[in-house]
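Thanks for coming. I will go through a helix packing and then some aromatic ring pairs.

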Amino acid sequence: MLGSPENKPSFLTDKALQPAIEKVLLKKFPLYDSKASQLSAVNGMKADIIKSLSLYYHTFVDILTLKDHIVDLLTTIDACQVQMDITLNFDLTKTYLELIVTYMSIMILMSKVDDRKTVLALYNSAHEFMHGKSDPAYHRLGQMCLEYDPPMKKMAEEFVPHSRHLMPALMSLHKVYPTRNLTAEMMRNLQILSILSEPAKMSTVPSTDMIQCEYLSLDTMERWIIFGLMLCYQNLSEPQAWDLWKQALQDSYIITLCRNEVLHTHSYIIAFFDSLRGQNKRVAELKEFQVQALQTAPALHRERRKFLRSTLRDLTLVFTEEPGLLGPKALFVFQGLSLARDEILWLLRHVVNPPSKRHNVKMSPEDFYDRQLPELLFYMEELRGLVKKYNEVIQRYYVQYLSGYDAIFLNQLIQNISMCPEDESIILSSFYNSIAALSVRQVEKNELFDFRGFRLDWFRLQAYTSVSKAGLELKNHQELAKHMNTVVFHTKMVDYLDEMINETGDLSIYCFYTTLFEHQFKQCMEFLAQHRYSIIFPMICGHFMNATHSLCPEERHSIGTTSVQYAHWFLREMSEEVNQVITSICEEQCMLNYKLLPKHSAAIILSQRQKSKEKKEKKIQEPEKPGDESIRKNRENFTRMDKLHMALTDLCYAINYCTVINVWDHGFVPREFFLQHLENRFNKALVGMMMYNPEVNEIAKPSELLNGVRAYMNVLQSIENYVHIDIVRVFNNVLSMQTQPSDANGEKTITHIYTHWYLEILLMRVACNAGQIVFSPSRKAFVTVAQGDGPPLAAEEYADLTELRALAELIGPYGMKYLGERLMLNIASQVDEIKKLVVANKDTLVQLRSSFDKPDVMSALTRKLMTPYKNAPCDADVLLIRMTKIGILLAFRSLAQEALNDILDQRIPFMMGSIRDVQHHVPNTKDSMRLKSQMVVNELASSAGEKCSVDPTLCNALRTLKSAYADDEYTIACLLFVFVAVSIPKLARLDSSSFKASIEGHLNNSHCLAKSINGLAGALFSLYGPGDTDLRLQEFLALASSSLLRLGFENDREAVKNRESIYLLLDQIVQESPFLTMDLLEFCFPYALLRNAYHSVYKASAADM
């Protein structure tokens, strides 16, 4: 912690303390003048200094205590003349060597702390000011800092007496290390880790005398050799020692001290030897070794990783196919994990700590940035997973092996011992009894095995039998020692599997190399061939907690948090990458589907016609036909879609590889990560496919959007072939959100955008630009008959029955209901304005209502309504404009309802039949209770797109209006229709009122008045009146007929310009109305006039054509 500036206590850089530190505390360290004036600053901050530096100071005290214990233990081992041999007393020798290497690592690490003297002196000075005396350990700590600076010279002197026992331990590695430290080519030739090379021996246990050395880490052995021979450098003249020294130093140039703390081996040893006399030859040799390591080691390890990738892949395939082989060949698993882990550790420390440029050795980056490393990591994790999955298979095999062979052979070896002391005899007998009593039934009953006591007893026995003059000397019974080492391994296969997996295949070191970890993940995501192995990165995060220690609990939270954050980040990035690939595939498929639209056939037809005409003249280039993209001459032509599908397959394999990844008490489910991101991406893609541009008000046609959505959904549905997910759930969640005005994130949906576009853009343009877009009842569409000043718009391409069916399919009944509600609110605002006109002309309208049989009075009163204001149209014009707008909105509403009804008829025909039956059998009465039930049924039918005599959505919209005339609403409603009736003849003056037979409508959409009159009548009189809609409409028909008949007596030609076209409006009102009949019309208006009017307008239309 003192090595990093962010963790360093602020006191060490405090300017106020610098004089005290530099001029007093460090001048004659560890001695100093406690009465010096400069220390007054320390006295003023003594409490804070002790609080901040206490942890660091006591860590140095712990190192001193540990050093004392280690020295005592090594002296005791020397006194007992313990004989070390890794192949015999494995546990004892391994622990002894590990103790020495740990001791050296701690002392070297301590020497690398630059502020160690400052921390010790500053803390002691503050302690002295607070307690009146120095800390008891201070002077010994100060002496240790001085003596071990640098540490190697002092430690080499200390180990001169210990070398008698250290060297045999190191020399025993000569039986192991050279046979393990092989090149990739040698491993291939020797068929290392190959099960299939000798089929006859496939089910037999590998024969070895030193089984625990077979999976011992090469990295660990190298540390033992380098550190051990540094201490015993006088023995380097021995051939075996020199051979080990040379191999270890040529294999790498960086060695681990602790976690990510490393030592540049050659440079450090050269500096050490330079401080000694007569070591010039050794220094020259070391420099040569360093150059060789820099030149050859990276390539050697690259080839070894390549070999291990293929070997571990073969092992995983064999064990997956035949898990029974995990029993006899379990050793291969741990050998493979150990070798692979060593290569990972080598790569990490050498990538992060590049050599100095002064060596002038050119190194290839490819040797370090291994793009295929995720594959090796993946196979390691897969082997770990197979051992965990089939642990019972391994247990059964080794329980039988221990009781059926190991116990019998151990008994024979015990019997062959001629002189065995009583204590040793008791321990050996207990070994035999422990393993002879085992049976397979214990495995079947899921009994917990615990051989820790067994292994501890063997450790003790190694210690008893390895000392000088022991009653039973282990070196004289080598077969017993080797067999007991084998038995210990077999017991670990029964009760210690998880620990064995962690011992040989733990990758928690990555939590200290997070930057490189991120880089390797990004490299994996960029390399297509490694996509399927990307899941290994979040899985490795589950190893991070193995790096913690029970003696340092404060680390658990920080390491745990790091592991969770990285696991989350990796899974998020993977999910985004999969979704990016899916989006690209969907875009391609949408484009292909777009090319299949009928409109694109025109180009092909045109080219065929030109081809036949100009066949002889010139060659015409034919447009690309749908399906041409699938034609290829051979499979070697790797298209973009092939790459995308390969990427999708591999990434989905990674996502699907494991159900749950456990990281520090958190469970990460990769498929859920993927599903959440897929939902978000699909949700955004749907809105994006609309291609809505608010600046120019452009939007995709609903039918084209629906075509694209279907193509997108087809691709998403195919994902179920790669990942075990419920894609229907994604469809239900996302498409349901799109039927609402906003999604779960508050973003606009298809429903909201299309509703806005149709109501605010298209219908507003229809209403405000008379004569440009007309509603055509015969074509069931809004048709553009003339282009205005704005951007061109073909209304029939957006507002016909086909497009609205597509819209209904996209946004569903909920979306169509929202569209209807917004539309009705627009109508309600228009009605509110119309009421104001009615109230303003109330007296005139009341007189008109009672004078329909007095033509002169009617004419006089009507003229009052037709009188224009100074700079504004008359009230009758305003009324007709607003009523026409309402009619246009209701015409669009009727089209949308019909489209919805058609779609629901296809989707839910039986339910639609039930809704129609309920609607048909509800009694039509004026009783208030039954009227409520009728309204409920009407709401149900309206939501399903059925026609209703009274539109419930319009009623609800009108009900929300806050009216100032609540007591007189019924009268205002009656007068409204009187106003409309007497205003209709004014339409005959307009040129745009002419009726066009081709579209069966008036150019100014005045035929939409039929819908507005009937729709408003049903709603207003149901809300405000006693339900006498039919009577009120009869009154309206009488007034309108009377007003229109007076046109026959008009002398002004302008006033009767389009009289026949307006006559037809009466017929349309009656045909549209569920309350009026043709008999009533015949009673009010001669049918002969209607017949002549139809004849006249159709004849005029034919002439125009």
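The crossing of H32 and H33 is right-handed, meaning that the near helix is turned clockwise from the far one by less than a right angle. This is a predicted model, where local features need pLDDT of at least 70, side-chain atom pairs count only at pLDDT 80 or more, and totals for chains, interfaces and linings use all residues. Residues are numbered from 1 along each chain as its sequence is written, and side-chain values use heavy atoms, with hydrogens and water left out.

H32 covers residues 750-768 and H33 residues 801-840; they pack at about 60°, axes 9 Å apart. Helices here are DSSP runs of H or I, at least four residues, numbered from the N terminus. Axes are lines fitted to C-alpha atoms over the stretch in contact, with angles from 0 to 180 degrees between N-to-C directions. The two helices are therefore oblique to each other; under 35 degrees is roughly parallel, over 145 roughly antiparallel, 65 to 115 roughly perpendicular, the rest oblique.

Now the rings. Phe, Tyr and Trp rings (six-membered for Trp) pair if their centres lie within 6.5 Å; planes under 30 degrees apart are stacked, over 60 edge-to-face, the rest tilted. The count comes to 53 aromatic pairs. In Tyr398 and Tyr401 the centres are 6.3 Å apart and the planes at 45°, so the pair is tilted. Both residues sit in helix H18, residues 391-415, three residues apart, or about one helical turn. Tyr398 has 1% relative accessibility and counts as buried (under 20%; exposed is over 50%, partly exposed in between, 1.4 Å probe, protein chains only).
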